[in-house]
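Here is a short walk through a predicted model. Keep the sequence and the structure side by side as you read.

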Number of protein chains: 2
Amino acid sequence: MYYIGIDVGGTGIQIGVVDENGKILCKGETPTGVGRPYEEIIGDMGRCMLKVMGDNDYKPEEIAAIGIGIPGIADNDGNVIFCTNMGWKNVPLRKELQKYLNKPVFIDNDATVAGFAEYICGVSAGTHSSVFLTLGTGVGGGIVIGGRPWSGFHGVGSEIGHIPMDIGGVPCTCGNDGCLERYTSATAVIRMGRERMAQNPDSMLHTLCEGDPEKLTCKMVFDAAKVKDETALRVFNDYVDYMARACYTVIAFLDPEVIVLGGGVSKAGDFLLDAIRERIPQYLIFKDLPYSRIEIARLGNDAGIIGAAMLGRPTKEA
Amino acid sequence: MYYIGIDVGGTGIQIGVVDENGKILCKGETPTGVGRPYEEIIGDMGRCMLKVMGDNDYKPEEIAAIGIGIPGIADNDGNVIFCTNMGWKNVPLRKELQKYLNKPVFIDNDATVAGFAEYICGVSAGTHSSVFLTLGTGVGGGIVIGGRPWSGFHGVGSEIGHIPMDIGGVPCTCGNDGCLERYTSATAVIRMGRERMAQNPDSMLHTLCEGDPEKLTCKMVFDAAKVKDETALRVFNDYVDYMARACYTVIAFLDPEVIVLGGGVSKAGDFLLDAIRERIPQYLIFKDLPYSRIEIARLGNDAGIIGAAMLGRPTKEA
């Protein structure tokens, strides 16, 4: 049997047919077209799914289930409760999509789904427990325990980006202040970069962003840090320190076997990973004991399709 | 079959025989005598255990297992890795105790064990998932997932008191700064009380502690807050705010069915509980969705014996 995986983003919807080992066999894409009635968006999703299947000769009876990763949260009845980027609230995604292919439909948060994909066939494959952190515009979390995604009892868990890390600190889009993502997202690197470059007119960052701090990116800061621009290095070191504390937060709370770093910031690879690994020990309480391995995600953009598809796969016995 | 539960504290060791439903059938106690060689302490523990059994006619063949809660952490081989209050490091507790009664010995952290007891027969009985917070000199955490205590992959998890909550904040005994327990323990209430009373010579707190801030207790602050002493009320409100953020941290991370508050501070009961419950919603991201119930622990001092004993009970099917 095969599984359909659907990765819903603000720009495009990626759809793939996936085998039971998490291998993508074929895929397709349709624009999201945010702002249209949800019936239209889900209609495009359904037609694209059937086209991907048809173009590659997969019959409905060969499909066991459909899984969908959304940048929001869903309830147990397959309704999307919130999906801020899409402007969705209480959208009957399961029921609507089943009009196109009547199979079991599983829906979960995109960070949860990406973390699950890494557990299925990525860097945390087969581990006892893992916590995935997507370091992008914000910070999302994906927890896998006992071979299943963990979104909590009410489905509102793994929002690790919104744990308070510095009370009275940087205001967050969620309405609170000092949330973890204010210090560990790409947005945080850019904010800190702009602050530091304003104080240091000689920094290479001014050149990289062509004199316009609005054009500054996380990559520019890291690139300048790599060639030892002092201003960029300070931002990088501050960021690494926050990330070490964020990883320590995960260790002190859940102590998973692995912490996986994904999202745009993680593309910095070993340059970032080595620095974070080096910094974590200073925050550990039990200095002599083993603790979570820190790794960079392996599956990249495919994680969304793979993890979503695998939501519908029965749990294999350990 | 019956289970032995042993609650190891810095002053005394409590030992009980417990049935499979978590009911304590009989119990005894022996002084800890911290500072003596571990063989002597474990010897007293073993002899007290046999005496409690003998005095109440429980035969060795009726005992299925022994469980021990320690203010520290142990490895999977039954060695106590750290137990700061006892001065223990790498103590072969299982092996040593089996000289007195050769049964399977399970060891876990005391907060974890207390949280497990509440899951077995207390306020969180039979729940999907729970997080227990002991609010005492420090703050300990006990996580129960799928009917089993969760201490993480390496056994260093559920140290919720040491999650960074206010970077650059109050220095912690662990060497970090701004740890959650610096704001949510009884110690935190006393610290904030002393700071506020120094600025307010008219506060009732001066009378309650007989003019000596060193004698100030958490209970004095809460008692004065109940009768609306303005200084004490400010401390209480600040504490409630920190506790609401701490509960929100648990919700945002794990979203358990229940969060259970135990330890000395929780004796304030509904006065504290109602205030925390009222404050939490302002920190929630998903304002319209259900979230973890907040409850006060029910088992009090018995939780240590019960939870320890139940470590050895086979997991019942859900």
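By what turn, and with what shift along the axis, can chain B be laid on chain A? The turn is 180° and the shift is 0.0 Å, and the RMSD is 0.0 Å. That is how a two-fold axis relates its copies. Both copies use the same surface: 100% of the contact residues of chain B recur in chain A.

Now turn to the interface itself. Here 49 residues of chain B are in contact with 49 residues of chain A. Between them the two chains bury about 4600 Å². Carbon and sulfur atoms account for 70% of that area.

Polar links also cross this interface. The rule finds 28 residue pairs in polar contact between chain B and chain A, both residues at pLDDT 80 or more. Three elements of chain B give two or more residues to the side that touches chain A: β6 (80-83), β10 (139-145) and α8 (230-253). Of these, α8(B) gives the most, with eight residues. By class, this side of chain B has 28 nonpolar, 13 polar and eight charged residues.

Salt bridges between chain B and chain A number four. One pairs A:Lys89 with B:Asp288. The closest N and O atoms of A:Lys89 and B:Asp288 are 3.6 Å apart.

Is B:His162 buried or exposed? B:His162 counts as buried because its relative accessibility is 10%, below the 20% limit. Leaving aside neighbours within four places in sequence, B:His162 is in contact with A:Tyr248 and A:Ile285 from chain A. In chain B, the contacts of B:His162 are B:Cys172, B:Cys174, B:Cys179 and B:Glu181.

Salt bridges within the chains come next. Over all chains, the count comes to 36 salt bridges. In one of them, the side chains of A:Arg293 and A:Glu257 meet at 3.9 Å, N to O. This pair links distant parts of the chain, 36 residues apart. A:Arg293 is in strand β13 (residues 293-296) of chain A. A:Glu257 is in the loop between α8 (230-253) and β12 (258-262) of chain A. A:Arg293 is partly exposed, with a relative accessible area of 39%, whereas A:Glu257 is buried, at 16%.

A second case sits within one helix. The side chains of B:Asp223 and B:Lys219 form a salt bridge of 2.9 Å, N to O. Both residues lie in helix α7 (residues 218-226) of chain B. They are four residues apart, about one turn of the helix. B:Asp223 is partly exposed, with a relative accessible area of 29%, and B:Lys219 is exposed, at 57%.

B:Arg279 and B:Asp241 meet through their side chains in a salt bridge of 3.3 Å, N to O. B:Arg279 lies in helix α9 (residues 270-279) of chain B and B:Asp241 in helix α8 of chain B, so the pair ties together parts that are 38 residues apart in sequence. B:Arg279 counts as partly exposed at 21% relative accessibility, while B:Asp241 counts as buried at 16%. In chain A, salt bridges that share partners join A:Arg36, A:Glu40, A:Asp44 and A:Arg47 into one network.

Finally, find B:Ser124, in the loop between α3 (110-121) and β9 (129-135) of chain B. Its relative accessibility is 0%, so B:Ser124 counts as buried. Leaving aside neighbours within four places in sequence, B:Ser124 is in contact with B:Gly115, B:Glu118, B:Tyr119, B:Ser130, B:Val258 and B:Val260. A polar atom of the B:Ser124 side chain lies 3.3 Å from the backbone nitrogen of B:Tyr119. B:Ser124 and B:Ile296 are 172 residues apart in sequence, and their C-alpha atoms are 9.6 Å apart in space.

Technical notes
Residues are numbered from 1 along each chain as its sequence is written. Chains are lettered from A and ligands numbered from 1 in the order in which they are written. Side-chain values use heavy atoms; hydrogens and water are left out. Contact means heavy atoms within 4.5 Å. Buried area is the accessible area (1.4 Å probe) that two parts lose on being put together, summed over both. A polar contact is a pair of N or O atoms within 3.5 Å; within protein, one must be able to donate a hydrogen and the other to accept it, and residues adjacent in sequence count only if both atoms are side-chain atoms. Ala, Val, Leu, Ile, Met, Phe, Trp, Tyr, Cys and Pro count as nonpolar, Asp, Glu, Lys and Arg as charged, and the others, Gly among them, as polar. Buried means under 20% relative accessible area, exposed over 50%, partly exposed in between (1.4 Å probe, protein chains only). Copies are superposed by least squares on the C-alpha atoms of residues with pLDDT of at least 70 in both.
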